[in-house]
Amino acid sequence: MPDVNLRRPTVTIADVATAAGVSRATVSRVMNGRSTVDPAIAARVQEAAIDLNYRPSNVARSLSLGRTTTVALVVPDLGNPVFQQILRGVTSAAAEDGYRVLVADAAEDPSEEAAIAREARMRCDALILVAPRMPGAALDALLPLVAPAAVINREVDHAGTPSLVIDYAEATVQVVEHLVGLGHRRLAYLAGPRAAATDAARRAGLATARERHADLEVVELAVGADLASGHAAAGPVLASRATAVVAYNDLVAFGLLAALNEAGVAVPGDISVAGYDDIDLARYATPALTTVSVPQAELGRQAWRELHAVIDDDAHAASTTRFTARLEARSSTGPVPRRLTRTVVTEPAPVAAPDAEVVDPGPVWSVETREVVLRHTRDRVPLARYVDGERLPAIHSPRPFLHPVHSLAGVPLTESEPVDHRHHYGVSVAVPDVNGTSFWGGRTFVADVGPTLLPNHGRQVTTRAEVDPLAPHVLLDSVRWDDEHGEPLLDEQRRLGARLLGDDGWALEWRSTLHASHGPLEIRSPATNGRPGAGYGGVFWRAPIAQRTVVLSEGGEGEEHAHGSASPWVAFVQQHHDPYAEDRSTTLLIAQTSPPRHWFLRAAEYPGAGPALAWDTPLRVPAGGTVETGIVAALVDRALDLDEATALAATLR
């Protein structure tokens, strides 16, 4: 059998020129996108190329143009998600101009960084250096050798090299001001690589913050830039006695969070943690991480735009582009633990007349940025924070809520965004089904299907929150409930009051009136939709998981006596682990204020309770009608037995 060569002959530029009836130079100009060719001729060339299945040679094209149409990106550590996002930005922007991107990883080794950059530049048309770690003199010497180049996260003094920087000093001030506002005065800074300019900028921001707050202490701990570094820092952090930590980046913060969790240290109950960069996982951490949001991909896109301008025009005047960062306050930061708070005297205490009875005025509300704070007038320490909830994820049904709520001794008795139910937020009015809209968050129970994630999450919006001018212990809030389309479903009036119960306890009262002011309402629950016993919805108190939890109610001790009952009250008696002191016992007693409803209560799975609006039958409210619901909760710094709890409940109703 004769030897037959089945390979198709390679189509050359000469073949296209012959088919189109033009010169090879004309074909070359068309393939390279030159605008000097007549449109009709260009169309004929392109048609011939398609018919012949012509593929231009990249090597030949590069030789013709004197360019490779590639750009190199050198990063300190490609495992860092920030650098990955910058790479994504550069890649997408460069692709629009016909360029591809090669990546080189310097592995956090400043001594090799310049050599790696020079080698990468030999294979490409230009270079982008991301957060270079090399000393300033080495960088100044390198830039003329690798031009054209751009530098990210490092300001350079080189006329032909654009640089793009984040104002990390100001970002650090934002973080510290946030923590100071929560009462923290002793911070730990987990420092990154000393060669990193971004670390120097963070330390500059800390210095500015210390100048603003004379009582602020900052302990600097040399750590690093990765998960393992943060994990290893847990011991020194706890030894520092800091109440809040500012980590060099989110990876370090994640490592620290994991180690603290392993050690049984609660975040933010025992210590607060914040990071930098707002990488994709930050909002999904447990707890969600407070961090500085940086426009990572935009850094990459802008770096390419600046560099491309230099590539096209050697005389282009390069400059420094500055970006600002934005603080994203989430659940990993909270008030300083009460037991570690220093008493702050804002004004001299009045001197009582001889033999006069001194009356403690008790807790009072004060309006602050994005939240209202309940403070004990005796020492001004926060007892509760009422947060507007506007920043909650849409899937969690954003709503105003109370968190954290502390006992007088400083033990937190609420939980927010716990790992078991991320849509639980302290104390709130959460209802799973109002005319089909979820104001509970998470999945909706669908008959014959089960829990299903639906695009039906509504939003509660505070329209007016103010402290009662005649009763500063009372907070009044007007709340509009909008469905998933942004249309109003109902209006709510809230009244949150507080009073002391003696030396070891205080009471929080929450009363809500729901107005069907936009039409009739049908309030349902998973139980009314076919899931027996799951009649939750209404004022719901999510308590923290403790070492030991005992449930009390009018029916006796045990979850089984309280759940589904119409007991006038229920109580969680808990023993809490304290890494800084002896374990503490508390009692959270919750009494109903409206006509008795069935209790939805959990203790074994997680501690949480609330009187249900629709226990086993839908609650229908005619247009113009109202529904009353509410609780009075006593927070006591000791364990109560059944008789003591019964007696205390009688004083609350």
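Helix H2 (residues 24-31) packs against helix H3 (residues 39-52) at an angle of about 90°, and their axes sit 10 Å apart. That makes H2 roughly perpendicular to H3, a label used for 65 to 115 degrees, while under 35 is roughly parallel, over 145 roughly antiparallel and the rest oblique. This is a predicted model, where local features need pLDDT of at least 70 and side-chain atom pairs count only at pLDDT 80 or more, while totals for chains, interfaces and linings use all residues. Residues are numbered from 1 along each chain as its sequence is written, and side-chain values use heavy atoms, with hydrogens and water left out.

**Two helices, crossing**

- Two packed helices are described by the angle between their axes and the distance between the axes. Axes here are lines fitted to C-alpha atoms, for helices over the stretch in contact, and angles run from 0 to 180 degrees between N-to-C directions.
- From H2, Thr26, Val27, Val30 and Met31 meet Ile41, Ala42, Val45, Gln46 and Ala49 of H3; contact means heavy atoms within 4.5 Å.
- The residues of this contact split into seven nonpolar, two polar and no charged. Nonpolar covers Ala, Val, Leu, Ile, Met, Phe, Trp, Tyr, Cys and Pro, charged covers Asp, Glu, Lys and Arg, and the others, Gly among them, are polar.
- Helices (H or I, at least four residues) and strands (E, at least two) are DSSP runs, numbered from the N terminus.

**The nine-stranded sheet**

- Nine strands make an open sheet in the order S21-S22-S23-S24-S34-S30-S29-S27-S28, with antiparallel pairing. Two strands count as paired if DSSP finds at least two bridges between them.
- Strand S21 (459-467) and strand S28 (556-557) stand at the edges with a single partner strand each, so one side of each has no neighbour in the sheet.
- Helix H15 (residues 642-652) packs on this sheet, touching strands that include S27, S28 and strand S30 (584-592), and its direction makes about 45° with that of S30.
- Strand S27 (residues 548-553) and S28 run antiparallel, joined by two bridges, and leucine 552 stands opposite glutamate 557 in S28.
- S27 also pairs with S29 in the antiparallel sense, over six bridges; here arginine 548 stands opposite glutamine 575 in S29.
- S29 and S30 are antiparallel too, paired over eight bridges, and alanine 571 has leucine 589 in S30 as its bridge partner.
- How much of S29 is buried? Seven of its eight residues are, where buried means under 20% relative accessible area, exposed over 50% and partly exposed in between (1.4 Å probe, protein chains only).

**Parallel strands around S5**

- Strand S5 (residues 163-166) points Ser163 and Val165 one way and Leu164 and Ile166 the other, and all are buried. In a regular strand the side chains alternate between the two faces of the sheet.
- Strand S4 (residues 149-152) pairs with S5 in the parallel sense over two bridges, with serine 163 in S5 as the bridge partner of valine 151.
- S5 also pairs in the parallel sense with strand S11 (residues 320-323), over four bridges; isoleucine 166 has phenylalanine 323 in S11 as its bridge partner.

**Salt bridges**

- The count comes to 24 salt bridges, each being a side-chain nitrogen of Lys or Arg within 4 Å of a carboxyl oxygen of Asp or Glu.
- Aspartate 199 forms one with arginine 203, the closest N and O atoms being 2.8 Å apart. The two are four residues apart in helix H9 (residues 197-212), so about one helical turn separates them.
- Both ends of that pair are buried: aspartate 199 has a relative accessible area of 0%, and arginine 203 has 19%.
- Glutamate 119 and arginine 123 meet in a salt bridge at 3.7 Å, N to O. Glutamate 119 is partly exposed at 45%, whereas arginine 123 is exposed at 52%.
- Arginine 638 and glutamate 644 meet at 3.2 Å, N to O; arginine 638 is partly exposed at 36%, and glutamate 644 is partly exposed at 32%.
- Glu298, Arg301 and Arg305 are linked in a network of salt bridges.

**A buried glycine in a loop**

- Glycine 362 is found in the loop between strand S12 (326-328) and strand S13 (363-368), and is buried, with a relative accessible area of 3%.
- Leaving aside neighbours within four places in sequence, glycine 362 is in contact with Arg375, His376, Thr377 and Leu500.
- The C-alpha atoms of glycine 362 and arginine 375 are separated by 8.4 Å, and the two residues are 13 apart along the chain.
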